Amino acid sequence: MRFIPVAEPVMCGNEKKYIEECLDTNWISSGGRFIKKFEDDFASYCGRKYAIATSNGTTALHLALTVLGISRGDEVIVSDLTFVSPVNTIIYTGATPVLVDVDKDYWNIDPMKIEQSITPQTKAIIAIHLYGYPCKMDEILALAQKYNLFVIEDCAEAHGAKFGDQRVGSFGDISCFSFFGNKIITSGEGGMCLTDNEVLAEKMKTLLNHGMSREKKYWHDVVGFNYRMTNLQAAIGLAQLEKIDFLLKNKNQISKKYNENLKDLGDLIIMPKKNNWAEPVCWMYSILINQDKAGVDRDELIKKLKEENIDSRPFFYPIHQMPPYQKYQGPKEFPVTDYLSAKGLNLPSGANLSEEEIYYISNKIKNLLKNK
Ligand SMILES: *Cc1c(COP(=O)(O)O)cnc(C)c1O
């Protein structure tokens with residue numbers, strides 16, 4: 001059996017052809033036809049008016065917070081169980097991240113606990129759709145309306161997922177995506193901001209290009225950034241977007257196959273609760289190891305799987321536990337992120353994973369959990 005990675009890009013469309021076009025036409029930097037096309041097509045895929053391509057997902061988030069005017073003295077609410085990037089971007093603006101515990105059944109930020117964390121300084125909520133599972137957007141939007149807050153969606157792990165019958169990325173004042181190599185579609189490195197607000201869209205386009213006036217070259221009314229995407233990145237991103245239905249279908253199949261193969265483990269493993277309000281995508285196939293029943297703990301399982309050439313990843317560490325962020329914990333407790341983070345495991349979920357490989361991985365897990 002080959003070494004099975006947790007994720008890998010699958011270049012199954014026009015990637016090479018588009019890259020060759022960039023090279024043949026010399027449009028390799030941040031001008032060229034693929035950027036606009038990638039933006040337009042991605043906006044319409046998610047059901048939004050405006051898209052702004054960026055150099056990566058983190059710069060997309062920072063750009064979004066900046067154009068919404070988030071700055072020193074403000075507070076931004078964010079999940080304690082996440083990849084660190086959205087928390088860092090809050091800190092870049094000078095604002096304070098307010099960490100909030102997650103929902104035990106669905107693993108995303110808990111709307112009830114959001115409300116308890118709102119103060120007069122609160123300006124925005126970042127809703128992160130973790131591991132492909134959509135947040136409860138109806139409750140989050142209702143809170144935002146009640147307290148007059150901005151909502152930023154972090155969709156870096158959930159391209160194509162739906163809340164109700166709308167794709168994620170269509171709910172926030174601004175929604176941010178990443179196209180890093182391990183995401184559902186990739187541009188190598190890359191990101192995108194989506195919005196329906198024309199003023200915000202124009203501001204983002206200016207800010208990401210050094211704040212340069214769009215009418216008068218080399219005139220700067222604001223201090224901007226260089227957060228531009230290149231035509232080379234967009235060439236790959238566009239080719240990937242053309243295949244997104246295929247990639248998501250494969251990933252959905254992978255999740256089904258794992259479910260079937262792991263079914264007889266019963267409550268030795270735990271999945272997020274089923275519901276009828278969301279249609280998740282399988283960015284990573286994620287489970288919790290119920291150590292009390294399984295007899296094996298998560299970290300031991302990771303080690304044993306590695307010996308069998310199977311890569312896997314523990315869930316993210318709770319943000320509040322790590323040195324630069326401990327000061328944001330305050331008197332709060334985060335029992336659910338502590339619990340999920342200690343038990344959660346992501347299994348290989350690349351779109352090219354074969355049925356045979358899923359069977360192989362599942363069998364190893366079954367043996368390891370049952371023969372402790
Ligand atoms: C990957 C990721 C990001 C950041 O994306 P980069 O393109 O690596 O900067 C942001 N948020 C979440 C939840 C992510 O998983």
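Guide: Let me begin with a term: buried means under 20% relative accessible area, exposed over 50%, and partly exposed in between (1.4 Å probe, protein chains only). This is a predicted model, in which local features need pLDDT of at least 70, side-chain atom pairs count only at pLDDT 80 or more, and totals for chains, interfaces and linings use all residues. Residues are numbered from 1 along each chain as its sequence is written, and side-chain values use heavy atoms, with hydrogens and water left out.

Visitor: OK, why is helix 3 largely enclosed by the rest of the structure?
Guide: Because 9 of the 11 residues of helix 3 (residues 57-67) are buried, among them Leu61, His62 and Leu65. Helices (H or I, at least four residues) and strands (E, at least two) are DSSP runs, numbered from the N terminus.

Visitor: And what follows helix 3?
Guide: Glycine 69 comes after helix 3, and its phi is positive, near 80°.

Visitor: Switching to rings, how many aromatic pairs are there?
Guide: The structure holds 17 aromatic pairs, where rings of Phe, Tyr and Trp (its six-membered ring) pair if their centres lie within 6.5 Å, and planes under 30 degrees apart count as stacked, over 60 as edge-to-face and the rest as tilted. Tyrosine 106 and tryptophan 277 have ring centres 5.0 Å apart and planes at 70°, so this pair is edge-to-face.

Visitor: Is tyrosine 106 buried or exposed?
Guide: Tyrosine 106 is buried, at a relative accessible area of 17%, whereas tryptophan 277, at 24% relative accessibility, counts as partly exposed.
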